[in-house]
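Let's take a walk through a protein model together, looking at its rings, cores, charges and strands. Keep the picture open while you read.

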Amino acid sequence: MKKMFSIILLTAALMFVMVSGATAHFGMLIPTKQVLSSEDAKNVQIHAMFAHPFEQSGMNLEKPARFGVFFNGQTTDILDDLKPATFMGGKSWSVTYPVKRPGVYQFFMVPKPYWEPAEDCYIVHYTKVILSAFGLEDGWDEEIGLKTEIVPLTRPFGLYAGNVFQGIVKIKGKPVPYAEVEVELYNGSDGVSYTAPNESLITQVIKADQNGVFTYAAPCAGWWGFAALGMDDTQIKGKDVEIGAVIWVKFENMR
């Protein structure tokens, strides 16, 4: 009995370590450049990934269910333009998009549901990144109309490290009071790799206020991901579905 009890305790301890040691998954959309000037090339490459960005550990991303760009109030499907790629050892995708007109371009991805055994649920991250082209910046706060979405309250480009970024979390177009938001740096995205003193500093966690608004000041330059987590009102094969509204924002060093 003592031996059996010891095995049970050891198993429980291992399960706890596995669950508590798990770090956040992030859908990722990272462009080669976020602000295009008139001197820049007219094509921009967008990399689509699913990864642990701070730990630089890639996962396999199947071809998304949807992939598109929202520009001037209209959505264009560019799913068929995706090309297979590899990122951090995981399967990923990329697309080269011709930017022909000045304005704000919102690229978005709706991945196929990912089964996460450690959480006993499926995960779908509705991910977007916002670009500005050729000096025209109107429309950076427009909603695409995704099932869940972070709508920026701070212009999501042209930011310095240390600036505050604010967004409002929405599900089906309605603000989500006290939504939990995970925040993580794409480590090395500004040419510097950091080591976290502990796991709590790999993925930081903040909460939105009663109006669904959250605030975060980035401590260093690089690409930062914000993932607002919630539960879908539908299930897949009898299992819950965690939905995340993800936005990627670049912070620059003053040079």
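The report below goes from aromatic pairs to nonpolar cores, then to salt bridges and paired strands.

This is a predicted model, in which local features need pLDDT of at least 70 and side-chain atom pairs count only at pLDDT 80 or more, while totals for chains, interfaces and linings use all residues. Residues are numbered from 1 along each chain as its sequence is written, and side-chain values use heavy atoms, with hydrogens and water left out.

**Aromatic rings**

A pair of aromatic rings is described by the distance of the centres and the angle of the planes. Here, rings of Phe, Tyr and Trp (its six-membered ring) pair if their centres lie within 6.5 Å; planes under 30 degrees apart count as stacked, over 60 as edge-to-face and the rest as tilted. The structure holds 12 such aromatic pairs. One of them joins Phe-50 and Tyr-114, edge-to-face, with 5.1 Å from centre to centre and 65 degrees between the planes. Phe-50 lies in strand 3 (residues 43-52) and Tyr-114 in strand 10 (residues 114-116), so this pair ties together parts that are 64 residues apart in sequence. Strands are DSSP runs of E with at least two residues, numbered from the N terminus.

How open are these rings to the outside? Residues are called buried under 20% relative accessible area, exposed over 50%, and partly exposed in between (1.4 Å probe, protein chains only). Phe-50 is buried at 7%, whereas Tyr-114 is partly exposed at 26%. The rings of Tyr-97 and Tyr-105 are edge-to-face because their planes stand at 65 degrees, with centres 6.1 Å apart. Tyr-97 is buried at 15%, and Tyr-105 is buried at 4%.

Elsewhere, ring pairs link Phe-165, Phe-214, Tyr-216, Trp-224 and Phe-226 into a cluster.

**Nonpolar cores**

A nonpolar core is a set of buried Ala, Val, Leu, Ile, Met, Phe, Trp, Tyr and Cys residues joined through side-chain atoms within 4.5 Å. Which residues touch the most other members of the largest core? Among its 36 residues, they are Met-28, Ile-46, Phe-67, Tyr-97, Tyr-105, Phe-107 and Trp-248. Elements that give two or more residues to this core include strand 1 (26-31), strand 5 (66-71), strand 8 (90-98) and strand 9 (103-110). Strand 3 gives the most, with 6 residues.

Ile-46 shows who meets whom, with contact meaning heavy atoms within 4.5 Å. Leaving aside neighbours within four places in sequence, the contacts of Ile-46 include Leu-29, Phe-67, Trp-93, Val-95, Phe-107 and Leu-131. Apart from this core lies another, of 26 residues, among them Ile-130, Phe-157, Val-181 and Ala-228.

Now find Phe-251 in strand 20. Is Phe-251 buried or exposed? Phe-251 counts as buried, at 0% relative accessibility. Not counting residues up to four places away in sequence, Phe-251 touches residues including Leu-159, Phe-165, Cys-220 and Trp-224. The C-alpha atoms of Phe-251 and Phe-165 are separated by 9.7 Å, although these residues are 86 apart along the chain.

**Salt bridges**

A salt bridge is a side-chain nitrogen of Lys or Arg within 4 Å of a carboxyl oxygen of Asp or Glu. The structure holds 9 salt bridges, including those in the table.

| Salt bridge | N to O distance |
|---|---|
| Glu-137 and Arg-155 | 2.8 Å |
| Asp-190 and Arg-255 | 3.6 Å |
| Lys-250 and Glu-252 | 3.4 Å |

Asp-190 lies in the loop between strand 16 (180-185) and strand 17 (204-207) and Arg-255 in the segment after strand 20, so their pair ties together parts that are 65 residues apart in sequence. Asp-190 is partly exposed at 22%, while Arg-255 is exposed at 80%. In another pair, Lys-250 is buried at 13% and Glu-252 is partly exposed at 33%.

**Strand 14 and its partners**

Two strands pair if DSSP finds at least two bridges between them. Strand 14 (residues 164-171) runs antiparallel to strand 12, joined by 5 bridges, and Ile-150 has Val-169 in strand 14 as its bridge partner. Strand 14 is also joined by 5 bridges to strand 18 (residues 213-217), again antiparallel, with Gln-166 opposite Thr-215. Strand 15 (residues 174-175) pairs with strand 14 over 2 bridges in the antiparallel sense. In this hairpin, which has 2 residues between the strands, Lys-172 takes a positive phi near 55 degrees.

Definitions and conventions. Helices (H or I, at least four residues) and strands (E, at least two) are DSSP runs, numbered from the N terminus.
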